[in-house]
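This report describes one protein model for a reader who is new to structural work. Please keep the sequence and the three-dimensional view at hand while reading.

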Amino acid sequence: MATPWLSVLIPVYNVKDYLDDCLQSILSQCDENIEIVALDDQSTDGSFEYLHALATKTPHPIKILQHAHNRGLSAARNSLVAAATGEYVWFLDSDDVIADGAIDQLRGIVNRHSPDLVMCDYQIWRPGVGINSRKHKKESQVTTFDGNTNCLLEDPESLFKGLYKKGKLHAWSKVSKRSLWSQGLQFPEGKYFEDMVTTPRLALDVRTYYYCPQVWVRYRQREGSILASFSVKKVDHMMSGVDGVWALWSKKLPKMKVATRYFFVRFCVRNYISAVKESRRIGENITLDKAAYRSRLYHNIGMGRKGLVKYYLLNGDFFRLMKALKVLQ
């Protein structure tokens, strides 16, 4: 068999009820040079057995792996990358689906341009929300990148800016060449918000990229998902997700424009505000944590309170500045 042009990588953990939808969305669009790899992370609901049952019903091979013990989403994704053989890798969560026609669109982009990275939009799939509701209309297409569309791009600063302006760093809205993962890049095992860690580091090595402003993924929001509820641990991981990003990118782009850096600063501030709000919501005493989070924020953006205020004002973002200062007291 020829080397697959695409490996679709599916981490599985206690999602038996959603596996049919997920796999059928891939199989219905598959060609013979697409590899499907699923890894069960020691599910307790029969997902592993159900995967095998599904695999016997389709002529397209599905490679099924299993961890010896539960290690979490990051470890599952790392193992999937290690097992993949395709030129490109696409992570798909096992309760989500690939939209009709998405693989054909991706194939066309790859054949014409062979970019290192391809980005797409997604739709939030929320049970019980009517198709004519305001929420559905807002969530029917979520934009993941701010920049030129439907063309091959090479400017790393525009990539950095476009990613952080939208703030959608999910691994599953990005399709990347597997070679970008061959230099030791891994998801941080045992951490939540792992995409915040890997996506900017993946982007560091991207030479060419392409943004297709079409819905390729239907992202299911459900009770019981990893981020459906917060804990002190998850809040801390949210804050640590941006650790070290500015240090790496400032070396790559030492003359980064003020407007570009601003969107990274804004993302980090918004992340800090979310961490504080979630800490309050879960009812923990966060007096000491808040001070530590604030110190971490300033370290991660490479400037103090005065610099932060200056960047917001230079970009005319007075409203967001006032909102930020209320929380940064």
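S279 is found in helix 10. The model is a predicted one, and in it S279 has a relative accessibility of 4%, so this residue counts as buried. A residue counts as buried when its relative accessible area is under 20%.

## Overall form

The protein contains 13 helices and nine strands. Along the principal axes, its C-alpha atoms fill a box of roughly 60 × 45 × 45 Å. For 329 residues, a compact globule would have a radius of gyration near 20 Å, and the value for this protein is 20 Å, which agrees.

Of the 329 residues, 53% are buried. The protein exposes about 15,500 Å², and carbon and sulfur atoms supply 49% of that area. Among contacts between residues at least 6 apart in sequence, 81% join residues at least 24 apart.

## Helix 1 and its cover

Which residues of helix 1 are buried? Helix 1 spans residues 19–27, and its buried residues are L19, C22, L23, S25, I26 and L27. In general, an α-helix has 3.6 residues a turn, so residues three or four places apart point the same way.

Several elements take part in covering the buried residues of helix 1. They include strand 1 (6–12), strand 2 (34–40) and strand 3 (62–66), together with strand 5 (97–98). Helix 2 (47–55) and helix 4 (102–113) also belong to this cover.

## Cysteines

How many disulfides does the model hold? The count comes to zero. C22 is in no disulfide, and the nearest cysteine sulfur, that of C30, is 11 Å away.

## Aromatic pairs

The structure holds 17 aromatic pairs. In one of them, the ring centres of F160 and W249 are 4.7 Å apart and the planes meet at 40°, so the pair is tilted. F160 lies in helix 6 (residues 156–166) and W249 in helix 9 (residues 245–252), so the pair ties together parts that are 89 residues apart in sequence. Both F160 and W249 are buried.

Y164 and F264 form an edge-to-face pair, with 5.0 Å from centre to centre and 90° between the planes. Because Y164 lies in helix 6 and F264 in helix 10 (residues 258–281), this pair ties together parts that are 100 residues apart in sequence. Y164 counts as buried because its relative accessibility is 2%, and F264 is buried with a relative accessible area of 0%. Ring pairs link F160, Y164, W246, W249, F264 and F267 into a cluster.

## Charges over rings

Where do K16 and R77 lie? K16 lies over the face of Y50, at 5.7 Å from the ring centre. R77 lies over the face of F91, at 5.6 Å from the ring centre.

Methods. Residues are numbered from 1 along each chain as its sequence is written. This is a predicted model: local features need pLDDT of at least 70, side-chain atom pairs count only at pLDDT 80 or more; totals for chains, interfaces and linings use all residues. Side-chain values use heavy atoms; hydrogens and water are left out. A disulfide is a pair of cysteine sulfur atoms within 2.5 Å. Rings of Phe, Tyr and Trp (its six-membered ring) pair if their centres lie within 6.5 Å; planes under 30 degrees apart count as stacked, over 60 as edge-to-face and the rest as tilted. Helices (H or I, at least four residues) and strands (E, at least two) are DSSP runs, numbered from the N terminus. Buried means under 20% relative accessible area, exposed over 50%, partly exposed in between (1.4 Å probe, protein chains only). A charge sits over a ring if NZ of Lys or CZ of Arg is within 6 Å of the ring centre and within 35 degrees of the ring normal. Contact means heavy atoms within 4.5 Å. The radius of gyration is taken over C-alpha atoms; the globule rule is 2.2 Å times the number of residues to the power 0.38. Accessible areas come from the Shrake-Rupley method with a 1.4 Å probe; for residues, only the protein chains shown count as cover.
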